[in-house]
Amino acid sequence: MRLAPFAIALALTAGTATAAPTGRENSPPGDFHPELRAITGAISPGELKDTLTALVGFGTRHTLSETKSGTRGIGAARRWVKARFERISRNCGGCLEIITPSQVVTGPRIPKPVKVEDVVAILRGTSDPQRVIVITGHLDSRVTDIMNSISDAPGADDDGSGTAAVIEAARVLSHHRFPATLVFGVDSGEEQGLYGGRVLAEYAVAHGWRVEADLNNDIIGGIKGEDGVIDNTTVRLFAQGIKSTLTPQQLRALNYTGGEVDSPSRNLARFIVTLAPRYVEHLHVRLIYRTDRYERGGDQVEFLNAGYPAVRFTERSENYTHEHQDVRVIDGKQYGDVLSGVDSPYLAKVTALNAVTMAALARAPAPPEGVAIGGAVTVNTTVRWKPVPGAVGYRVWWRDTTTPAWQHSRWVPADTAARDKSGTLSLTLAEVNIDDWFFGVSAISADGYASPVVFPGPNGDFARSVPPANPRD
Ligand SMILES: [Zn+2]
C-alpha cells in the first residue's frame, strides 16, 4: 500500500541527483550466505555437553574460591578454559591469541582484595583488526549465600551455558578468517559485581578496540521455566534503547526528536532477529526492549558503560529453583544449578545464532558513521552518511515511528551515490516526510553482507561514546 507514493516520487525525481534507480548498477549483491549455514551446522551439542560436564566437575567456580587446586575452584577452571583455547588454536595453526586480563578488586561482595581474571581468545581480523566483535559468558558460579565460596556451585546454566557457548563459537569460527577481529571472552567475577565484564571492557578501551558488539550469553541452556512451560524454540534478547553514555544535552535533543528506541545495541538486536530465521532452524528471537531482566544485570552492562553496543541472550523463561541455589532435593524437587537443567541441543541453537551473528558482523563493512537526516519543512528527506571502506553500496531504511522493525529500503550503489565536496554520501527520498518516519543506513559488502542499520545522531552511532568529564557539557 505504501509503495504507490514512491512510484510517483520516482517518476518526479528521475534525472535529478536523488539516486533514482537507473538500471544495471542497482542490483544489490545477494544476501543469503551458505557460509553462515555451514557455521550453524558445525556447532556441536556434544562439544557443548562435554564443556559443561568439565565445568561442573570443578565443584565450585566461585570468584572467592581457591585457586591452587588442580581440580576444584575458580583457578583450576580458568586454567582448564585456557588449555581448551590453546587446543583450539593448535587445530587452526595457532590462529588464536590467548590473553588473561585481570584486576585486583574489592567491593561489597569481595571483602578482601581478589584477582579477577578473564580468559580471552582473540582471532585477529585480516584487514581491519581494530574492528572487534566480542562474545562473552561468565565462568564464576554461586549458591544461595553469595559469599559462600566453599559449597558445590555447579553453575551449569548460570553460566556454564554461556561459557560453553563462547568456547564452542571459538572452536567453530577458528576455521574461518574474517576482516574484523573476533574476541571470545570467558569472564570471572560476574556474580560478585560484574567485575570480569568491566575488566574486558576496560581492556578494549585501553587497546583502542572499536567494539561493534558485545554478545553476552548468561543463562542460555534451560528449556523448562519456572512457569512449567517447556520451550526449546525461543531465546530472549535484551537490548537497551538509550545509550548509557549520552550527555544531558543529547538526552534533551533525543527526547524532542525521537529515536529513544534506536541505540546501536537495539539495532544490533534487530540485526540478530533477522538472522535467526535464515540460518538457525526452529529458533525464534524474542527481542526485549530492556538492558537486562528487570532490576538485574550482566556483563553486557559494563560494555554499555564503556560506550560500546552490547546485548544479552537469556533462555525464554528462567528456572529460579536452579539459579543461585544450594544444591539439594526437597520433597523430590531438585534445587541448584545442576547439569540436568541444561538442554544441549537448545544450547547449540543459541550458540549457533551467536556464531552466525559474529561471522555476519565481521564479514560486513563497518556500520556507517556520520549518519544524519535533513529536510524539515519540505516534503523530502535527505539521509547523509560517510563512506565506509569496503562497502560497494548502502541500504537506506525507513519505518513508521511506532513500528519495531525496519520496513522500507532503497539500495544505493557506492559508485553512483550523490556525494558532496567533503565526500559525504546522500540519498534524497522524495515525498517521504521527515516528520513521519524513522531513518537509518546500512553498509553492504561486495559479497552481500550488510552491517546493522545505523540510526542518525549520537544515540544511533556505533562509534564508542563516552560522557564528558563535566556532565553539564
Ligand atoms: Zn549469570
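Predicted model: local features only at pLDDT ≥ 70, side-chain atom pairs only at ≥ 80, totals over all residues.

Student: Why is strand β19 described as largely enclosed by the rest of the structure?

Tutor: Strands (E, at least two residues) and helices (H or I, at least four) are DSSP runs, numbered from the N terminus. A residue is buried under 20% relative accessible area, exposed over 50% and partly exposed in between, with a 1.4 Å probe and protein chains only. In β19 (residues 437–445), nine of the nine residues are buried, so the strand is largely enclosed. W437, F439, V441, A443 and S445 point one way, while F438, G440, S442 and I444 point the other way.

Student: Which strand is joined to β19, and by how many bridges?

Tutor: Two strands pair if DSSP finds at least two bridges between them. Here nine bridges join β15 (residues 391–400) to β19, and the two run antiparallel. Opposite F438 in β19 stands R399.

Student: How many disulfides does the structure hold?

Tutor: A disulfide is a pair of cysteine sulfur atoms within 2.5 Å. The structure holds one, formed by C92 and C95 with their sulfur atoms 2.0 Å apart. The link is left-handed, with -85° about the S-S bond. C92 counts as buried at 11% relative accessibility, and C95 likewise counts as buried at 14%.

Student: What is the count of salt bridges?

Tutor: A salt bridge requires a side-chain nitrogen of Lys or Arg within 4 Å of a carboxyl oxygen of Asp or Glu. By this rule the count comes to 24. One of them pairs D31 with R278, the closest N and O atoms being 3.7 Å apart. D31 lies in the loop between α1 (3–13) and α2 (34–42) and R278 in helix α8 (residues 264–279), so the pair ties together parts 247 residues apart in sequence. D31 is partly exposed at 47% relative accessible area, and R278 is partly exposed at 29%.

Student: Are E318 and R293 buried or exposed?

Tutor: Both E318 and R293 are buried. They form a salt bridge whose closest N and O atoms are 2.9 Å apart. The two residues also belong to a network of salt bridges that links D218, R236, D292, R293, R296, R312, E318 and E323.

Definitions and conventions:
Residues numbered from 1 in each chain as written. Heavy atoms only, no water.
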